[in-house]
Amino acid sequence: MPRTGFIDHIGIGVRDLVAAKQYYDDLMPVLGLREWFETSPGGSFNYGPDGGEGAQLFFYQAEEPSTYSRRQTGLHHIAFLVASRAVVREAHQWAHARDAVILDEPREFPQYGPHCFATYWLDPHGIKLEAVCHSPEES
């Protein structure tokens, strides 16, 4: 019986699809995700976890470009569940090396549950991204 009740995929429209692809092609391996299938040059693209289990992200060219704001109705942020706190730190270093706007340095967020460890930053389109792990510090 198929599993239900989980998000299969999320589609995001961006102003500059080529720039978004360059950015996310570089970021996704850090987060443990990969492109699931090839698309045509300049066309939509997608990422997901290996093995086909889990939600995918699709990126599309926005047909009516406008300024994005997480403070308006719609998408607030995208959280990527990663394997360890080390990966959270690596994602932070990756974003920092690309002069991303860092919203929160890697740290615990106990208000979101025990062992919640995350970092937040903005992608080039202003979309808030999060790398999060729900495991205690590795020994």
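Strands β3 and β4 run antiparallel and are joined by 3 bridges; two strands count as paired if DSSP finds at least two bridges between them. Helices (H or I, at least four residues) and strands (E, at least two) are DSSP runs, numbered from the N terminus. The model is a predicted one, in which local features need pLDDT of at least 70 and side-chain atom pairs count only at pLDDT 80 or more, while totals for chains, interfaces and linings use all residues. Residues are numbered from 1 along each chain as its sequence is written, and side-chain values use heavy atoms, with hydrogens and water left out.

Tyr47 has Leu57 in β4 as its bridge partner. Strand β4 also pairs with β1 (residues 9-14), in the parallel sense and over 6 bridges. Val14 stands opposite Gln61 of β4.

The loop between β3 (45-49) and β4 (56-61) contains Asp50. Asp50 is exposed because its relative accessibility is 54% (buried means under 20% relative accessible area, exposed over 50%, partly exposed in between; 1.4 Å probe, protein chains only).

## The open sheet and its helices

An open sheet of 4 strands has the order β5-β8-β7-β6 and mixed pairing. Its edge strands, β5 (77-81) and β6 (102-108), each pair on one side only. Within this sheet, neighbouring strands are turned by 15 degrees against each other on average, direction ignored. Axes are lines fitted to C-alpha atoms, for helices over the stretch in contact, and angles run from 0 to 180 degrees between N-to-C directions.

Strands β7 (residues 117-122) and β8 (residues 128-133) run antiparallel and are joined by 6 bridges. Helix α1 (residues 17-31) lies across β5, β7 and β8, at about 15 degrees to β8. Helix α2 (residues 85-97) packs on the sheet and touches β6, β7 and β8, contact meaning heavy atoms within 4.5 Å. The direction of α2 makes about 20 degrees with that of β7.

## Salt bridges

The structure holds 7 salt bridges, each a side-chain nitrogen of Lys or Arg within 4 Å of a carboxyl oxygen of Asp or Glu. One of them joins Arg98 to Asp26, with the closest N and O atoms 2.6 Å apart. This pair links the loop between α2 and β6 to helix α1, 72 residues apart.

Arg85 is buried, at 3% relative accessibility. Its salt bridge with Glu108 has closest N and O atoms 2.9 Å apart, and that with Glu137 is 3.7 Å, N to O. Glu108, at 41% relative accessibility, is partly exposed. Salt bridges that share partners join Arg85, Arg89, Glu108 and Glu137 into one network.
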